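This briefing is intended for a reader who has the sequence and the coordinates at hand.

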Amino acid sequence: MPKETATMPFKLDANGAIVTQDVNGQKLPVFVHADGKETAFDGDSTIATISRLNGEAKSHRERAEAAETGLKAFEGIADPAAARKALDVVKNLDDKKLVDAGEVEKVKAEAIKSVRAEYEPIVAKAKDLEGQLYGEKIGGAFARSKFIAEKVAVPVDMVQATFGGRFKVVDGKTVAVDVNGQQIFSRTRHGEPADFEEALEILVDTYPHKDRILKGSGASGGGAQGSNGQGAGGKKSITRAQFNAMPPEAQRAAAAEANKGTTVITD
């Protein structure tokens, strides 16, 4: 009887058997990604995620069908603006007399102005709180990042200047997107979004100049930083090659730090 072969890119040993990895007491097959990285493949978790996503897709389809059904009631209305104006005229009927449409619109405008004046400060405060939330969740995540502390040679603020735009806060949760605007998913928790640390590592891994910002690669030489990300005298230090490899927004941040005297750019 011929030996069965794996139809998915699982790692095989010398005898052609699938290699497994012990994860929380479970023997899980090792999955080989397109970029050569290896992770344990949790089939039960993947099936559960697929089931959840199928349920969400069904819900989206049902909402779309309901919307299409509702729109059928407006078939034959070629000019929505004219129809809306006609409805406004009907609303202004008082004892079979037309109220001056101009006066009605003036009253409406004053009412809207009054409401706007009352709620604009609330909206502004909400936006301010939203900005503070973003600064705490995203900025704080960069500041506390173990990946940056252990593996990145350039200062934290420069890393945030380069990759901060790839992160956003959605419903109170941090979400990361790649250069194409697509959400970044975990390589180990299949079907689930990558958390901050994993997403940042993936972004750095795909960064064209990663060898110049990671420790042990482009951070060697006379201007290299120590393991604490600082040069002589406790100042942050980056090489000219690292500075030139940064995108414009990161270069501006580095230049500002150099002007303050907190960062040294060496040749």
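Is His 33 buried or exposed? In this predicted model, His 33 has a relative accessible area of 18% and therefore counts as buried, the limit being under 20%.

**Two individual sites**

- His 33 is placed in the loop that runs between strand 2 (26-32) and strand 3 (38-40).
- Apart from neighbours within four places in sequence, the contacts of His 33 are Thr 39, Arg 187 and His 190.
- Asp 88 belongs to helix 2, which spans residues 80-91.
- The relative accessibility of Asp 88 is 23%, so Asp 88 is classed as partly exposed.
- Between the C-alpha atoms of Asp 88 and Glu 105 the separation is 9.8 Å, with the two residues 17 positions apart along the chain.

**Aromatic pairs around Phe 142**

- The model contains four aromatic pairs.
- One of them joins Phe 142 and Phe 167 in an edge-to-face arrangement, with 5.7 Å from centre to centre and 85° between the planes.
- This pair connects distant parts of the chain, since Phe 142 lies in helix 3 (residues 101-144) and Phe 167 in strand 6 (residues 167-170), 25 residues apart.
- Phe 142 and Phe 167 are both buried.
- Phe 142 also pairs edge-to-face with Phe 196, at 5.0 Å centre to centre and 80° between the planes.
- Because Phe 142 is in helix 3 and Phe 196 in helix 6 (residues 196-205), this second pair ties together parts 54 residues apart in sequence.
- A relative accessible area of 0% places Phe 142 in the buried class, and Phe 196 is likewise buried at 12%.
- Through these ring pairs, Phe 142, Phe 167 and Phe 196 are linked into a cluster.

**The largest nonpolar core**

- The largest nonpolar core has 28 residues, among which Phe 142, Val 159, Phe 163, Phe 167 and Leu 200 touch the most other members.
- At least two residues of this core come from each of helix 3, helix 4 (146-151), helix 5, helix 6 and helix 8 (248-260).
- Helix 6 supplies the largest share of the core, with six residues.
- Leaving out residues up to four places away in sequence, Phe 142 touches Ile 148, Val 156, Val 159, Gln 160, Phe 163, Gly 164, Phe 167, Phe 196 and Leu 200.

- One cavity of 30 Å³ or more is present in the structure.
- The volume of the largest cavity is about 70 Å³.
- Its lining consists of Val 154, Met 158, Val 159, Thr 162, Phe 163, Tyr 207, Ile 213, Gln 242, Ala 245 and Met 246.
- Helix 5 (156-163) and helix 7 (240-245) are the elements that give two or more residues to this lining.
- With four residues, helix 5 provides the largest share of the lining.
- Sorted by class, the lining comprises eight nonpolar residues, two polar residues and no charged residues.

Conventions. Residues are numbered from 1 along each chain as its sequence is written. This is a predicted model: local features need pLDDT of at least 70, side-chain atom pairs count only at pLDDT 80 or more; totals for chains, interfaces and linings use all residues. Side-chain values use heavy atoms; hydrogens and water are left out. Buried means under 20% relative accessible area, exposed over 50%, partly exposed in between (1.4 Å probe, protein chains only). Rings of Phe, Tyr and Trp (its six-membered ring) pair if their centres lie within 6.5 Å; planes under 30 degrees apart count as stacked, over 60 as edge-to-face and the rest as tilted. On a 1 Å grid over the protein atoms alone, a cavity is a set of points where a 1.4 Å probe fits but cannot get out, and a pocket is an open set with protein on both sides within 12 Å along at least five of seven lines; lining residues have an atom within 4 Å of a point. Grid points are joined across faces, edges and corners, and a volume is the space filled by probe spheres set on the points. Ala, Val, Leu, Ile, Met, Phe, Trp, Tyr, Cys and Pro count as nonpolar, Asp, Glu, Lys and Arg as charged, and the others, Gly among them, as polar. A nonpolar core is a set of buried Ala, Val, Leu, Ile, Met, Phe, Trp, Tyr and Cys residues joined through side-chain atoms within 4.5 Å. Contact means heavy atoms within 4.5 Å.
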